[in-house]
Amino acid sequence: MNEIQQLYQKIILDHHKNPKNYGTLESPTHELEKDNPICGDRIHLDLKMHGFQVEEIRFTGMGCALCIASASMMTELTVQQNLEEIEELLRYFKEIMDPEGMHNDAKATYNDNLQAFEGIRKYPSRIQCATLPWEALLQVRKLIENRGEATI
Amino acid sequence: MKGSNKLLLPLANKTVIEHVVDTIALSKVGEIIVVSGHQADLVQKVLQNRSAKIIKNTNFHTGMTSSIQTGVHAVSSNSRGILLFLSDLVFIESSELNDLVDVFDSSLWQDRKVIISPSFQGQSGHPVIFSAYYRSHLLQHQEPEGCWGIIQQNMDHLRQVPMDTDHVLQDIDTETDYQKAVQQFNTRQKKCLLQAKADFPILQRKINGKPLIYLDNAATTQKPKQVLESLISFYEQHNSNVHRGIYKLSEEATSLYEGARHKVAKFIGAPSSQSVVFTRGTTESINLTAFSWLKPRLKKGDRILVTEMEHHSNLVPWQMVARETGAQLHYLPITKQGTLDLESLDALLAPNTSILAVSAVSNVLGTVNPIRRLVELAHRHNIPVLVDGAQAVARQKVDVETLGCDFFAFSAHKMYGPTGIGVLYCKPQYQQEMQPFMGGGGMIEEVLEQESSWAEYPWKLEAGTPPVDEAVGLSAAIDYLQEMGLELIWAHEQDLTDYALQKLTQIPGLQVHGPLGTAERAGVISFQIGTIHPHDVAQVLDDDGIAVRAGHHCAQILMNRLGVHATVRVSFSLYNDYSDIDLLAESLTKALQLFE
């Protein structure tokens, strides 16, 4: 595999072509949006939250293959997870992509597709493409805390 | 040929006399004295940046001898010899002059009366070198048309030097001679352009093991070694602060810095060096106009007219002054073809419009805007015009007086010069109205405890130590552009653009934005391929060593207008060639296979 194939691994291209959970929810508890001012990419999320836990998630948006694949995988990995777990997942995801990061095998216990993103290590400017959907999602914590919704 | 001054005839990028003086300056010949008779003032003007001494011969009508004698008078008394160069010997090259000087030097110690004359296939030609011994002969002889008599009387001392070319026989006497010269010089210059890649050291770099193909010239151009060497030479030989020290280095640095201002003024056809302000770049030039000139006269409800294709640098400064004063931005729309919608212009030129700010060439679409026409229409309503020339200056000959614009802004780094320096040209009538928005050293006349008075324009706008090495680099970049010839560069980029459009539109699903067909387009092409995101396209191209730009290109208003949020952009410069475009097309096809 050359570097470009390592970056765009088959699983990433598959998620890009056929993204999971692409679309909207009929009655979301939260709608979130985040864009990348540098490239203009934008991710929109519809969420059904139960307390701090994601019950259902759908996304739409404009983005590159890395951004869309990341969003697609995120929707699969975050259902039934609480925000703390998702934050932990994002830390792990960032470590996979970090050019300086230790590729810590002990951490690779998630047995997920995020490992496919390790090719980004050679292209650090693209890390923000992959993290955009996650940062969009994690904005929900502030909304919940501000509205005191967590007590519901 | 009758009636025209041979010396001032154009050949490729320069006049005959400039070619001749430059050839001699590049050779071992020590000092250059130009004797001009007919139109001496014009000749002087053309040569004003060169190190030749120019002497007027008011008796030129009495024959060539009077000109030779006027020149010989001015030759330094310690010269070893005198080389008589007829000003229409345009084909001779510096290396050929060096061959003659070498033979002269090696003969002189054996024969102090040596005369050197070149020949080609037995026929003697020009130029002739007389040893200093003949100084008095040259000054005293009576023949009106030259020095042939002196040579004949001293045949024993004449050394003929056989040359490899007939350059020593060719002068320009007839219209046919001239046309032949024009053709040869154009070919010679075109060859230079085609070999330009070799002037750019960075283009030797490999990216992912492949040669770098640089197609992001609208963002910044690469720098030729001539510019890089000028920077090194400045720091090795002349570095010091300008306008300050009473010592040699500071005088040299000052004259280099002010010399660059002079060169810029000539380059853009400004009426004087004083109308050129050095800034950090196009962005600062526009901000300077917005804050120093426009803001103090802007009232609530006033309009600032811009266009939908402007770069953020020609939008945001206006938004900032508008927000502070209650003025409003209005947009001249673009047509579906990506050209300015001139039909809407008249209605937009409302009486309370304070300025029209427009780019000469779009950084996204490559559209070449009809600046002269726009200026004419705006001036009819007494609306001044600022032209963002960032994408224009390295591509087409700019003459601010012909354009008629009131402000003209550009950056050095998009025209083969260094980053950190740009230019604002401002029409003389507005110069006194420009108030400094930065204070500091260099911009003052007198500083008192509570207030100060300003230096004259343009120095009052250049607070602090100016970008001296950048000015030197900009000056070298202008030399380089003129050496290559802007007309040829434009033609070359047009060829590349036509070829690229033809190649790109053959790729399935590729959609080009901006003018196709008859409208003028510079070497900038933005496009989409199917639904592939521009970043992904750029990434695949990068893997093949091809540098392009992907994104909104600092033109979000235009992106909205085009209904896209990003494009892939390729932009050409003088060092790109057809093979670059072939490789681009190949790599794009690869991207298509990967993502579709």
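**Chain A, elements.** I counted six helices and three strands in chain A; helices are DSSP runs of H or I with at least four residues, strands runs of E with at least two, numbered from the N terminus. I read the order from the N terminus as α-α-β-β-β-α-α-α-α. I note that this is a predicted model, in which local features need pLDDT of at least 70 and side-chain atom pairs pLDDT 80 or more, while totals for chains, interfaces and linings use all residues. Residues are numbered from 1 along each chain as written, chains are lettered from A in the order written, and side-chain values use heavy atoms without hydrogens and water.

I found 45% of the 152 residues of chain A buried (under 20% relative accessible area; exposed is over 50%, partly exposed in between; 1.4 Å probe, protein chains only). Of the contacts in chain A (heavy atoms within 4.5 Å) with a separation of 6 or more, 62% join residues 24 or more positions apart.

**Salt bridges.** I used a side-chain nitrogen of Lys or Arg within 4 Å of a carboxyl oxygen of Asp or Glu as the rule, and the count over all chains is 37. A:E87 and A:R141 form one at 2.9 Å, N to O. I placed A:E87 in helix α4 (residues 83-97) and A:R141 in helix α6 (residues 140-147), 54 residues apart, so this pair links distant parts of the chain. A:E87 is partly exposed at 22%. I also looked up A:E88, which pairs with A:R91 at 3.0 Å between the closest N and O atoms. Both residues lie in helix α4, three residues apart, about one turn of the helix. A:E88 is partly exposed at 28% relative accessible area.

In chain B I checked B:D577 and B:K197, which meet at 3.5 Å, N to O. B:D577 is partly exposed at 26%, and B:K197 is partly exposed at 26%.

**Chain B, overall.** I counted 20 helices and 26 strands in chain B. Of its 596 residues, 56% are buried. The C-alpha atoms fill a box of roughly 85 × 70 × 45 Å along the principal axes.
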